[in-house]
Amino acid sequence: MSRILPDISHWPFHTVLVANRGEIAVRVLRSVKKLGLRGVVVYHAADRNTLALQVADQALEITGVTPVAAYLDGEQILAAARASGAGAIHPGYGFLSENADFARAVEAAGLSFIGPRPEQIELMGDKIRARNFVEREGFPVAPSAIEDDDPATFNERARAVGTPLLIKPSAGGGGKGMRIVRDLSVLDAEIERARSEGLRYFGDGRLYVERYIENPRHIEVQVLGDGQGGVVHVFERECSVQRRFQKIVEETPSPALDEALRQRICETAAGIARANGYRNAGTVEFIFGQGGEFYFLEMNTRLQVEHPVTEEITGIDLVIEQLRVAAGETLGYGQDAVRAQGHAIELRIYAEDPHSGYTPTTGPILRLQPPEGEGVRWDSGVLQGGEVTAAFDPMIAKLIVHGRDRDEAIARADQALADTILLGCKTNTAFLRRLIHHPAFIAGDVHTGFLDANPQIATDPPLAERTLHVLLAAAALSTRPVRDGADAVPDLHAAIGAWRN
C-alpha cells in the first residue's frame with residue numbers, strides 16, 4: 001500500500017527528538033525528515049562518529065556513568081527535548097521505549113510520546129498482566145503458573161504444569177532470565193537462578209512458568225492502532241532462527257502458514273490490540289507448534305528491530321504511521337487496504353564470532369562498503385572510520401532483501417552478503433551465508449532450536465593451506481617492522497651511495 005505524504009501543517013509538533021542511537025535512530029530520522037519535520041538526536045560521546053549525527057538537523061550530547069546509562073536517563077533526554085524545541089519524542093526500540101514512567105513523563109511535559117499510552121505499556125509490557133488480560137479476553141495462552149497468584153504455592157503449581165517448562169521473568173525481554181526445565185529435580189534451583197537474573201537485569205524478580213513447546217516456531221504479527229477504534233494487522237513475520245533467544249533472521253510471509261492459518265493468527269493479534277484500544281505500532285508474538293496450534297507469547301509495545309521486512313512487502317512506512325497516530329490522526333484505512341506483495345528477509349549483521357560461541361567482537365571499521373542492487377536495503381548507523389565497542393549490543397546493521405518469491409529473496413540475500421565489505425572486526429556474514437544455504441532453511445523447515453540442532457553452521461570451515469599462506473604473508477607485510485625490513489637497503493649497498501651503472 002502506497003500513501004501520499006500527510007499534511008503536517010496542523011500537527012501539534014514539527015520537531016521530533018529521537019531518544020536512541022545506531023541504526024534505529026537513523027531509520028526514524030529519515031522518515032521524520034521525509035515528512036518535512038525537523039529531526040533531533042541525542043548522543044553519548046561513544047557515538048560521536050556515527051551516521052545519526054550526520055542525518056539529524058541537530059545533535060545534543062548526553063552523559064552518563066556508562067554509555068547505556070546516558071540513553072536510559074529520562075530527565076536528561078527531556079531536558080534535551082526542551083533545549084531543542086522538540087514537540088515529540090520517538091524512543092525507537094530498547095532503552096526507554098517500553099518504559100511507562102518515561103512515556104508518562106513525556107506527556108506530563110506537554111510533549112507527544114510516539115508510542116502507546118503509558119497504561120497500555122504497563123498492561124502489555126508486563127508479561128504476567130498481559131497474559132492474564134489475553135486469557136480473559138478469550139485468546140489462546142499456553143498452560144502456565146504465575147507466581148503473583150499465590151507465591152507460597154508457586155513451585156508446587158509450576159511442577160503441575162509438567163515438563164518441559166519455561167521459566168520467565170515477568171518484566172523480562174531479550175531472552176534474559178529465561179530457563180528451560182526438563183527435569184523437575186532441578187526446578188527449585190532453576191527458579192532461584194531465574195529470579196536472580198530477573199533482579200539483576202530488570203530489578204524485578206517475579207516469575208512465571210509455562211509449558212515449553214518443543215521445537216516451536218516463533219511467529220509475530222505487526223499491528224497498528226490509532227487509539228480511536230481503528231486497528232489493522234500488517235501481516236506476520238517468522239522469527240524462528242535465533243541464538244540464545246535472540247533473533248538472527250526474520251522473514252515474511254512465514255513459510256509455515258497457509259492462508260487459513262495466516263488469517264487466524266493475524267486476526268487474533270488484531271483482536272488483542274483491539275481489546276485494549278491500542279494506539280500506535282506494536283507486535284503480538286506467538287509460539288507456533290508443529291501441529292499448527294499457537295499461543296500468545298507477549299506483546300512488544302514499540303517498533304520491532306525486524307519491522308523493515310513488513311515495510312518491504314506492504315509499502316507502508318511504519319514510522320510515518322507512528323508519527324501520524326501520535327499527531328492525532330486516525331489510520332484512515334481498513335484491513336482490506338493492507339496488502340502484501342513478494343517475500344522479504346532480514347538478516348542481522350552482528351559484530352561477533354559464531355565459531356567461538358557467538359562471542360561479541362570489537363574493533364575499528366577500517367572499510368565499509370554496503371551491498372547494493374535491486375531489492376536490497378541496508379539499515380545501519382555505523383560509518384567507515386568509526387569503531388565497534390563493547391558498550392552496546394553487537395548488532396551493527398540489518399540487511400533486508402525483497403524478491404518476487406522466497407527463492408528470489410534468498411538468492412538476493414546470498415549475493416548481498418557476498419558483496420558486503422566490513423573490515424576491522426569479525427562479523428557473522430559468512431555464518432549467515434552458510435545458514436541460508438542450509439537445506440532446512442531453504443525448505444522453510446526451521447524452529448527456535450534450529451541452530452542448536454545444527455551447530456556446524458556456526459563452525460568456520462578450514463582454510464585451504466595455500467589461502468592460509470597468502471593471508472599470513474599479506475598480514476605480515478602489512479605490519480611496519482616487516483615492511484621496513486623488506487624495504488631496507490643493506491649497509492654494504494647503502495655505502496655505494498648514488499652510484500649508477
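Reader: What covers the buried residues of H6?
Author: This is a predicted model. The cover over the buried residues of H6 includes helices H5 (100–108), H7 (127–136) and H10 (259–275). Strands are in the list too, including S5, S13 (279–288) and S14 (294–300).

Reader: And which residues of H6 are buried?
Author: H6 spans residues 118–125. Its buried residues are Pro 118, Gln 120, Ile 121, Leu 123 and Met 124.

Reader: You mentioned S5. What order do the strands of its sheet take?
Author: The order is S3-S2-S1-S4-S5. That makes an open sheet of five strands, with parallel pairing.

Reader: Which strands stand at the edges?
Author: S3 (58–61) and S5. Each has a single partner strand, so one side of each has no neighbour in the sheet.

Reader: How many bridges pair S4 and S5?
Author: Two, in the parallel sense. S4 covers residues 88–90.

Reader: What stands opposite Ile 89?
Author: Phe 113, in S5.

Reader: Stay on that strand. Ser 112, buried or exposed?
Author: Buried. Ser 112 has a relative accessible area of 15%, and the cut-off for buried is under 20%. Ser 112 sits in S5, which runs over residues 112–113.

Reader: What does Ser 112 touch, leaving out residues up to four places away in sequence?
Author: Pro 12, Phe 13, Gly 87, Ala 88, Ile 89, Val 106 and Ala 326. Ile 89 is also the residue opposite Phe 113.

Reader: Which elements give two or more residues to its lining?
Author: Strand S2 (38–43) and helix H2 (51–55). S2 has the largest share, three residues.

Reader: How does the lining of that largest cavity split by class?
Author: Six nonpolar, three polar and two charged residues. Among the lining residues are Arg 21, Asp 47, Thr 50, Leu 53 and Tyr 71.

Reader: Last one, Trp 378. Where is it?
Author: In strand S20, residues 376–380. Trp 378 is buried, with a relative accessible area of 19%.

Reader: What is Trp 378 in contact with, neighbours within four places aside?
Author: Ile 349, Leu 368, Pro 370, Pro 371, Ala 397, Lys 398, Leu 399 and Thr 420.

Reader: What separates the C-alpha atoms of Trp 378 and Lys 398?
Author: 5.9 Å. Along the chain, the two are 20 residues apart.

How values were computed: Residues are numbered from 1 along each chain as its sequence is written. This is a predicted model: local features need pLDDT of at least 70, side-chain atom pairs count only at pLDDT 80 or more; totals for chains, interfaces and linings use all residues. Side-chain values use heavy atoms; hydrogens and water are left out. Helices (H or I, at least four residues) and strands (E, at least two) are DSSP runs, numbered from the N terminus. Buried means under 20% relative accessible area, exposed over 50%, partly exposed in between (1.4 Å probe, protein chains only). Contact means heavy atoms within 4.5 Å. On a 1 Å grid over the protein atoms alone, a cavity is a set of points where a 1.4 Å probe fits but cannot get out, and a pocket is an open set with protein on both sides within 12 Å along at least five of seven lines; lining residues have an atom within 4 Å of a point. Ala, Val, Leu, Ile, Met, Phe, Trp, Tyr, Cys and Pro count as nonpolar, Asp, Glu, Lys and Arg as charged, and the others, Gly among them, as polar. Two strands pair if DSSP finds at least two bridges between them.
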